Amino acid sequence: MVEERRILYEHLDVPDINTFDVFRQYDGYTRFEKAIAEYQPEDIAKMVLDSGLKGRGGAGFSTGEKWSFVPKDIKPCYLCCNADESEPGTFSNRYVLEKNPHLLIEGILICCYAMGIETTYIYIRGEFTLGKKMLDAAIKEAYEQGYLGKDIRGTGLNVDIYSHPGAGAYICGEETGLIESLEGKRGQPRNKPPFPAVEGVFRKPTVVQNVETLCNLPFIIGNGVEWYTQMGPTYADTRFDPPKPDANTGTKLYCISGDVNEPGVYELDLGLTSTELIEVAGGLRGEEVKAVIPGGSSAPILTHYELDTRLDFTSLTLAKSMLGSGGIIVMNETRNIVDCLLNIMKFYAHESCGQCTPCRWGTPWVRDIVQRIADGDGRKDTITRPKFGVAENGRWGDTGETEEIYEDLDLLESVANNIANVDTMTWNTICVFGIAVSWPAVSYMRKFRPEFEATIREGKLVTLPVAEATVPPEENYAYQQRFVPKEFADL
Amino acid sequence: MAFVKLNDLEIEVEDGTNIVEAARQHGIEVPHYCYHPGLTRPANCRMCLIETYGPIPGAPPGTIGPARQLATGCTTTVRTAPPDRKLDDKYDAIVQTDSPRVKKAREDVLEFLLVHHPLDCPVCDQAGECDLQDYSYRHGHDKSRYIEVKNVPPKKDLGPDVLLYSTRCVVCTRCIRFAEEVSGTGELGLVHRGSHDEIDIPRSHEGVPLQVLDNKLAGNVVDICPVGALISKDFLFKSRPWFMEKANSVCSGCSVGCNITVEYKVDGVYRLKPRFHEDINQHWMCDDGRLGYHYVNSDDRLQLPLKRVDDEFTPTHWADALAVITEKLSEVEAEDIVVIGSAQGTNEDNYVLQQFAHDVLKTTQLGLFGQLLGEEHKFPQFTIEADKNPNTAGARTILGSANGNVVLEGDTLWEKVSGAKVVYLVSGLPERPLEDAEKAALESVDFLIVQDILPSEITQLADVVLPGTTFAEKDGTFTNSTGWVQRIRKTIDPPGEARVDWEITQQLAKQLGGEMNYHFAGEIALAISENVAGYGDATHQKIGDAGIKLAE
C-alpha cells in the first residue's frame, strides 16, 4: 500500500494555518529567510534547475530552464502566478489558496528574489471567492509583518503582490491568455513566439508559474536539492549522448475523482501507477476500471490495458498522453465513453475563445458530430468493395465482401486532427487549446471504437462491457510507442 | 539584406520583412486573411502557415530540417543571421510555402472557414474580389463535409455607410484593428465567444446602438474586409466588380491627394477605392473623398453652353457661346479683365489658362478660386486636410509662373473682381456656396464668364456658362500640399457637350488669335516641365502611377 507523502499539504489541516502567526510556528517564511541569508539569486535558480522541478500547470516544462530564458538585462520583469485552475477534474490549487495562502506567498518571495522581480500578479480564478478572500487577507498580513512591500525585513528586497480575479474563462488559464486578460483585454492567447519569458505582461519579460510549482520552492530551498531529487523517478533521455537525465522529481497533488470511494486531493510521489492511485483513493467504486483520464479532461484517455503506466511526466508522454494538471478521473464499467466525450466536447466548444479559425469553428463541429452520434443519428454505410479471391462458385473472381464504413467516426477523427494533429503533435491553432480538444476526441474514439460503432449501429447510446469496448493495444497505433520506449530508459 | 531560400528560389529581402511580403515581392502567393500590411498582426486566421527550417534538436550539428510546428508567415520575419548560425552555411532562413504539409494545413483551415459561411456568392457584393472565393478556388476543397446546422448571426447596420453581413464574416478582426489603430476611434469590437463571435458596435441590452461607425475613415473597413461581410451601402448591389473598368487616379476631395482607383462603367463612376502610396495615404482614404464622387454622375450636370438672353439662360452651341465671349473680350482693355483659375483644375488646365491670360489677353490679373476652408481631421495614422481642393499648390505655382508669382486670392481677388468689366472664372467646384462679399463682387461685373460643371450660385450670376469637366473626365496632374505631383486619368466621357477645361480655354485663345496648339494633356505637362520652376521632372511619363515629389 502506497503512503501519501505530504509536503505541500503537510500543514493544510492545522487550524488557522492561514494566519501569519500559525504559519510562522510551522517554519513559515524561514525558507525565504534562509534563501536570502545563505544564497545568491543565481544559486537559487541553479538549485531549482538541479532539483528537476517541472511546472505543475500542465505542460510539465522545466521550471529552472524557463527561468534561464528570461533576459537578465530587461527590467522590470514580472512574475505571474497562475491560479486560474479551471481544467475539469483539477482542484488542488484551491486548497492551497483557501487554507495555506502564506505558503504561496513564500514561494513567490523566493522566486522574486531569484529572478530580481519586484511585482507579482496572482491571476486567481473568478469562482474562487473564498480563495481570493483568504489570499487577500494573507497578503495584507504579509505586508503588515514586513514580508511584502518595500525593503523586506531590511534586506533591500522589494516585492509587491496584486491578486486579480478572472471572469470565468477557461482559456485565461493559458499563460498568454492570462496575460492578455490581466492587461485588461479580451482573454485571447497571443501568437508565439515571443514567449512570455521574453515578452509577457505589459510587453516585459514575465515568469508565469502555477501555484503548485511556486509552493514547491520553499521546500527545495528548505530541505535541499538532494532531499528533493530523492522523490520520484529520473529517466535517461537516450536521444542525447551522454543520456540527458529527465527528472520527474518531487511530489504531485493528484486530484482523484470519478468512480473511487474516497475522491480528493492526494499528495504522492511522481511515478506511481493508476492502480496504486485508485488504491490510495479508497479503491474503485464498481466492478472494474474502464478508463482513466490521467491529467484533466484534455489528456488522452488510458484504457484498462494501460493501468500500469506510471503517472509522471515522461511516462505519460511516452504513452501519448500527459500528466497535465494531475486531475485524474476514474471511470468504471458503467460509464459510456461516447457520453463522456460529448460532455468534454460540450465544455471545449463552449470555452473556445474564438480567436483563430480552426478552433473557433472546428471545436463546435467536433461537438456536433459527437452529439449526432450520441443522439443515434451517426452516419454509417455498408459498401461492397471488389475483392479478388475464390468466390462462392469456387472460381477466381470478385468475392463481393462488404465492409462497414462509419463515416462520422472518420469525419470526427479527421476534423479533430485538422484542428491539431495528435499523431505529429502539431497544431494549426494559436495556442494548445487545439490539441486539448483533439486529444480526447481522437484518443477516446480510437481506443473505444467498438463502443462508438455500437452506438451508431444501434442508433442509441450503448455501453459495452469493458473488454469488448476497448481496442487492444496491439491493434491500435495510438498505443504503439508505449510498448517500444526507444528514447528513454530507466536510469 | 537577408539571403533566404524560399521554395526553390534564392532571394534577397530586407531585414525584418515577413514571409508573406517577401513571397509577394517574388511572385509567390501566401494566402492570408487577418494580415494586412497597414495593421498589427494577430495571426488568427491561420491561413498563412508556412514551413520553416532550422537545426534539429538532438541531431548532430549542421543537420537542418523542418520545424515541428508550422509557423504563420505574417509573423515570421527574416533577419541576417550571424555567420555561425547560417543554415547550409549561406542562408539566413529556409522557408517552404508549398510543401505538402503547408498545402494540407491551408486546405484544412479553408474548410473551417467555410463551415458557417452561407455561400451566398450570387447575391454578395464581394463576389469577384473575394479572398474566400479566390483562395477556395486555388487552395481549398471542392465540397464541404459539414452537415450540421450553420450559425446565422444577424445582419447589422453599423453606421451611415457600412453594413455587416455577419454570416459571411471570418472574424479576421482587420476592421477592429483598423478602428483601433488607424482611425483611433475604436467603435468596433467582438461580442460573444467562440463560434458565436460577432463583430459589433457598442449596444445597450436592448440592442440600441450606443455608438455607430461614423468616423470619417469608416469606409476603409469595407476595403480591408477580405470577404463580403462589411459592405458599403453606397455600392450595395450597384455592380459586379468584373464589369467595371479601373483607372489609377487621385482623389479630388482635399489637398492630401490620396491615391485612388476610380472604378467606372460607360454610364458613370461607381466607386473610388484607395490605392497604396507609402508617403501620402498608405492604404487609406477618407469617406469625404470616397463618397464625394456623386456629383460626377449627377443628372444636373451642365451639358451645353448657356448664354443669358433677356435675363434667361438659353442653351446654345459652342461656336455661338465662344463668339459672344470673343466679341466681349476684344472690346475691353486688358486691365479690365480678371482671369480666375480653379484649385480644382489640373496643372494643365491652369497652365493653358495662364498662357491665355498672359499671351492673348495680356492681363496680369490672375486669380485663384477654390473651395472654402473646411475642417481638419487628425487620426492616429491619417490626416484629412482643411484645404478641400486637390491642387491649390499646383494651381498657385502655375498661375503665378506667368506673372511674377503674384496670384490674387481671397479679399484682394474680390476687390479686383468688383472693379473689373469682364471676368473669366473657371470654377469646376461641386457645391460651392458664395459668401456675401464674393457674391457682391461677382454681381458687379459687367460680363461674367463661368466655366463650371454644375448649376450653382455662381452660374446664376453668369452671362455665359461653359460646361467643363470633373476630375473623372480628364487627364492631368494634381500637386498636393506636400509637393507630390500625381496623375489623374480620364475614365468616363464628359456629359453632353461638356469639354475638358483646357480645351475650352485653348479654343477661346485661338479665336482671339493666340498661338496655342496642344493636343493632349501630356503635351501641356511637357510645356510645364520646361517653363515652370521646380516642375522639371513633372512629365506624365516620369510621374507614372507613383507620382514624383517636387524639390523643397
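Guide: Helix 8 of chain B passes helix 13 of chain B in a left-handed crossing, meaning that the near helix is turned anticlockwise from the far one by less than a right angle (clockwise would be right-handed). This is a predicted model, in which local features need pLDDT of at least 70 and side-chain atom pairs count only at pLDDT 80 or more, while totals for chains, interfaces and linings use all residues. Residues are numbered from 1 along each chain as its sequence is written, and chains are lettered from A and ligands numbered from 1 in the order in which they are written. Helices (H or I, at least four residues) and strands (E, at least two) are DSSP runs numbered from the N terminus.

The axes of helix 8 and helix 13 (residues 501-511) of chain B come within 8 Å and cross at roughly 15 degrees. Axes are lines fitted to C-alpha atoms, for helices over the stretch in contact, and angles run from 0 to 180 degrees between N-to-C directions. The two helices of chain B are therefore roughly parallel; that label covers angles under 35 degrees, with over 145 roughly antiparallel, 65 to 115 roughly perpendicular and the rest oblique. Helix 8 of chain B brings B:Glu348, B:Asp349, B:Val352, B:Leu353, B:Phe356 and B:Val360 to this contact, and helix 13 of chain B brings B:Asp501, B:Trp502, B:Thr505, B:Gln506, B:Leu508 and B:Ala509. Two residues are in contact if their C-beta atoms, placed from the backbone, lie within 7 Å. The classes here are 7 nonpolar, 2 polar and 3 charged residues, where Ala, Val, Leu, Ile, Met, Phe, Trp, Tyr, Cys and Pro count as nonpolar, Asp, Glu, Lys and Arg as charged, and the others, Gly among them, as polar.

Helix 8 (residues 347-361) of chain B also packs on helix 14 (residues 521-531) of chain B, at an angle of about 65 degrees and with the axes 9 Å apart. That makes helix 8 of chain B roughly perpendicular to helix 14 of chain B. The crossing of helix 8 and helix 14 of chain B is left-handed. From helix 8 of chain B, the contact takes B:Asn347, B:Glu348, B:Tyr351 and B:Val352, and from helix 14 of chain B it takes B:Ala521, B:Ile524, B:Ala525, B:Ala527 and B:Ile528. By class, this contact has 7 nonpolar, 1 polar and 1 charged residues.

Chain B also holds an open sheet of 3 strands in the order 26-27-28, with antiparallel pairing. Strands pair if DSSP finds at least two bridges between them. Strand 26 (476-479) and strand 28 (548-549) of chain B are the edges, each pairing on one side only. Strand 27 (residues 484-488) of chain B pairs with strand 28 of chain B over 2 bridges, and B:Trp484 has B:Lys549 of strand 28 as its bridge partner.

As for the rest of chain B, its contact with chain A takes 29 residues from chain B and 25 residues from chain A. Helix 2 (residues 100-115) gives the most to the chain B side, with 7 residues. That side divides into 13 nonpolar, 8 polar and 8 charged residues.

On confidence, the mean pLDDT of chain B is 92, with 99% of its residues at 70 or more; pLDDT is the predictor's confidence in each residue, from 0 to 100. The model scores ipTM 0.90 and pTM 0.92.
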